[in-house]
Amino acid sequence: MRTDFRKSTTLAAILLAASALTVSDSRPARADRCEDIAKELQQQVDGIKIGITTGKTIYLSHPQARELSLGCRGANYSNELYAKADRRKPKPEFFELVASAGAIVFTIPKPDVMTGSTRCIRRMGLLRGDRVKMRFRRLNMECTRTRTEAAIAITRGSDE
């Protein structure tokens, strides 16, 4: 009687291990969270196209932005949205693009991203210079400008 119990327990353990292996192999491979965000941006914001992916950066394109990229999981941030306008004073359509993309990437309301990005870019000038860093609604924003273009980088810290 004792040998029958050991045989059945061993058989049950082997079957359980085999089923665990087949379950783990049958699961579909998941895409990176960063790629999921990029696909969501492409679906929800009109005109965004996904470009090449290098390392932890996905380059995007849109008619209202000269450069647009999505960075994922750096040393000091969890996500980063970078947008560069083709003018020193961007058009309202550029701010609309940044607000729409930022709301999706950072999962906060679109008006909050719109307010923060417009404040950051409009603060640049004679008194504050051509590089402004500010914090708004748990987002770190850094705005820079040259003679011909303005850029904004929005990040969220890795601890938030």
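1. Rings of Phe, Tyr and Trp (its six-membered ring) pair if their centres lie within 6.5 Å; planes under 30 degrees apart count as stacked, over 60 as edge-to-face and the rest as tilted. The count by this rule is one aromatic pair. The partners are phenylalanine 94 and phenylalanine 95, with ring centres 6.0 Å apart and planes at 70 degrees, so the pair is edge-to-face. Phenylalanine 94 and phenylalanine 95 are also buried (buried means under 20% relative accessible area, exposed over 50%, partly exposed in between, with a 1.4 Å probe and protein chains only).

2. A word on how to read the values. Residues are numbered from 1 along each chain as its sequence is written, and side-chain values use heavy atoms, leaving out hydrogens and water. Because this is a predicted model, local features need pLDDT of at least 70 and side-chain atom pairs count only at pLDDT 80 or more, while totals for chains, interfaces and linings use all residues.

3. Next, confidence. pLDDT is the predictor's confidence in each residue, from 0 to 100; its average over the chain is 82, and 77% of the residues score at least 70.

4. The chain has four helices and seven strands, which are DSSP runs numbered from the N terminus (helices H or I, at least four residues; strands E, at least two). From the N terminus, their order is α-α-β-β-β-β-α-α-β-β-β. Of the 160 residues, 38% are buried. Among contacts between residues at least 6 apart in sequence, 41% join residues at least 24 apart.

5. S5 pairs with strand S6 (residues 139-145) in the antiparallel sense over six bridges; two strands pair if DSSP finds at least two bridges between them. Phenylalanine 136 stands opposite leucine 139 in S6. The two strands form a hairpin with two residues between them, and arginine 137 in the turn has a positive phi of about 50 degrees.

6. Now the disulfides, of which the structure holds two (a disulfide is a pair of cysteine sulfur atoms within 2.5 Å). One joins cysteine 34 to cysteine 72, with S to S at 1.8 Å. Cysteine 34 lies in helix H2 (residues 33-44) and cysteine 72 in strand S3 (residues 65-72), so this pair ties together parts that are 38 residues apart in sequence. The torsion about the S-S bond of cysteine 34 and cysteine 72 is about 80 degrees, so the link is right-handed. Cysteine 34 counts as buried at 4% relative accessibility, and cysteine 72 counts as buried at 8%.

7. The other disulfide joins cysteine 120 to cysteine 143, with S to S at 2.0 Å. Cysteine 120 lies in helix H4 (residues 110-123) and cysteine 143 in strand S6, so the pair ties together parts that are 23 residues apart in sequence. With 140 degrees about the S-S bond, the link of cysteine 120 and cysteine 143 is right-handed. Both of these cysteines are buried.

Terms used. Contact = heavy atoms within 4.5 Å.
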